[in-house]
Amino acid sequence: MSTNPTRVFIARLLGLDVFDPLGDRLGRLRDAVVLDRGPGLPPQAVGIVVEVPGKKRVFVPLTRITSMDPGQIICTGLVNLRRFEQRGAEMLVVAELFDRRVQMRDGSGEATIEDIAIEQNRAGDWYVSNLFVRRGGSASRLRSLRRRGEQMILDWKDIAHWDATGPQAATSFVAQNDDLKAADFADALHEMSGKRRIEVASELQDERLADVLQELPDDDQVQILQSLDVERAADVLEEMDPDDAADLLNELPEEQKEELLALMEPEDARDVRRLLNYEEDTAGSLMTPVPVILPPEATVAEALAHVRREELTPALASSIYVCRPPLETPTGKYLGVVHIQQLLRSAPPEALGNILDTDLEPVRDYASISEVSRMLATYNLNSLPVINDAGRLVGAVTVDDVLDHLLPDDWRISDETGPITQQGRTNG
């Protein structure tokens, strides 16, 4: 492999685009893979992890990299598009080595790894050559409280060993992946060991952790939630969408579920408890109890202000449900829906009661998922109103809720990408 320079720091490569020889973009570099060769020997760098279109992470051997510089990375040859999985003694530099504590060989104490340099030898193989470390200082889950200590570059031979089993911070990993959407962050989290997954999750703010949890498989959700102290677990559940929080609580033992519900804010717990009362595979079990709800006297301008809220998903922002007070679910009498297109076509002072779509029939809270999915497909809708027997709005089912239910349980981690260009992993 011909590169210039022959020593590169991994942190400086993160986020760089990876191209094939024709200049077509393959994806973005998210991590590097090194092989632990045992005490006293520097780890060998064997490849990089590239996030390709579709947000899947794949392995590219360093033997297929022809150029690495601060602007781009170029690879050649066939690339295996199978989802990356760690094997044997492989370690992920960003996910597992950054923030790891190391002992200094001169006996001067400990330091924390902040970056790692790899260098190519005459035979063309790559090995860890230097560590960029911090001595002293501290790290906190609240990044603004992080205090920097003395920073230095060490040769690999200057460290005695690192502790692969002790507690490890995740400040660098969280910072390096702060730009990822929750679903992509969850994908990276799922690939980690259970220990590392918990360490990274503990570094996230409650709102971010709630968003990420909603994108993880059930087993990972339960593992992370049970690793938190109960007060923080309750806080995170409050930040989750009520339907996702209810689904997660249903995976827990009854005693633990009740303890967490008791610690949640009464209003949040009430919404979740209502969802838990519905039988599985019904509209009520899938719906969110907090769609956009306004009275008929509200104006188009007010409605547009509501749907601009950042926390709303596109599906929920596509419809305004018009009801008599009270406007908290269960509401007063359900009157109809105003679709986002109608809002955009109407004058700002127009009252919602004048532009209602009353032809769209709401579904009952005990309606089956198949009935809900047929209505969404028949009328090309993003969401449907859900009412109870008294004609009161109790929530809304969105198309993403239904898709999440209909897809296989392992859809978030399955690897159904069709033919791949190369079978198996090689380093040559």
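**Burial, rings and helix packing**

Colleague: Is N177 buried or exposed?

Modeller: The relative accessible area of N177 is 3%. The limits are under 20% for buried and over 50% for exposed, with partly exposed in between (1.4 Å probe, protein chains only). N177 therefore counts as buried.

Colleague: What kind of model is this?

Modeller: Residues are numbered from 1 along each chain as its sequence is written, and side-chain values use heavy atoms, with hydrogens and water left out. Totals for chains, interfaces and linings use all residues, but local features need pLDDT of at least 70 and side-chain atom pairs count only at pLDDT 80 or more, since this is a predicted model.

Colleague: Which residues does N177 touch?

Modeller: N177 sits in the loop between α2 and α3; helices (H or I, at least four residues) and strands (E, at least two) are DSSP runs, numbered from the N terminus. Contact means heavy atoms within 4.5 Å. Not counting residues up to four places away in sequence, N177 touches R30, R57, F185 and R208.

Colleague: How far apart are the ring centres of F59 and F84?

Modeller: Two aromatic pairs turn up in a search of the whole structure; rings of Phe, Tyr and Trp (its six-membered ring) pair if their centres lie within 6.5 Å, and planes under 30 degrees apart count as stacked, over 60 as edge-to-face and the rest as tilted. The planes of F59 and F84 are at 15°, so this pair is stacked. The distance between the two centres is 6.2 Å.

Colleague: How many residues separate F59 from F84?

Modeller: F59 is buried at 5% relative accessible area, and F84 is buried at 3%. F59 belongs to strand β5 (residues 56–61), while F84 is in the loop between β7 (73–75) and β8 (90–92). The pair links distant parts of the chain, and the separation is 25 residues.

Colleague: What is the angle between the planes of F173 and F185?

Modeller: F173 is in helix α2 (residues 171–176) and F185 in helix α3 (residues 182–190). Both F173 and F185 are buried. Their rings form an edge-to-face pair, 5.7 Å centre to centre, with an angle between the planes of 70°.

Colleague: What distance separates the C-alpha atoms of A183 and E215?

Modeller: A183 is placed in helix α3 and is partly exposed, at 38% relative accessibility. Along the chain, A183 and E215 are 32 residues apart. Their C-alpha atoms are separated by 5.3 Å.

Colleague: At what angle do the axes of α4 and α6 cross?

Modeller: Axes are lines fitted to C-alpha atoms, for helices over the stretch in contact, and angles run from 0 to 180 degrees between N-to-C directions. The axes of α4 (residues 194–203) and α6 (residues 218–227) come within 10 Å, and the crossing angle is roughly 60°.

Colleague: Which residues of α6 make the contact with α4?

Modeller: On the α4 side, the contact is made by G194, R197, I198 and A201. From α6 come D220, Q223, I224 and S227.

Colleague: How many residues are nonpolar in the contact of α8 with α10?

Modeller: The contact is made by P242, D243, A245, A246 and L249 of α8 and D271, V272, L275 and L276 of α10. Ala, Val, Leu, Ile, Met, Phe, Trp, Tyr, Cys and Pro count as nonpolar, Asp, Glu, Lys and Arg as charged, and the others, Gly among them, as polar. Two residues of this contact are charged and no residue is polar, while the nonpolar residues number seven.
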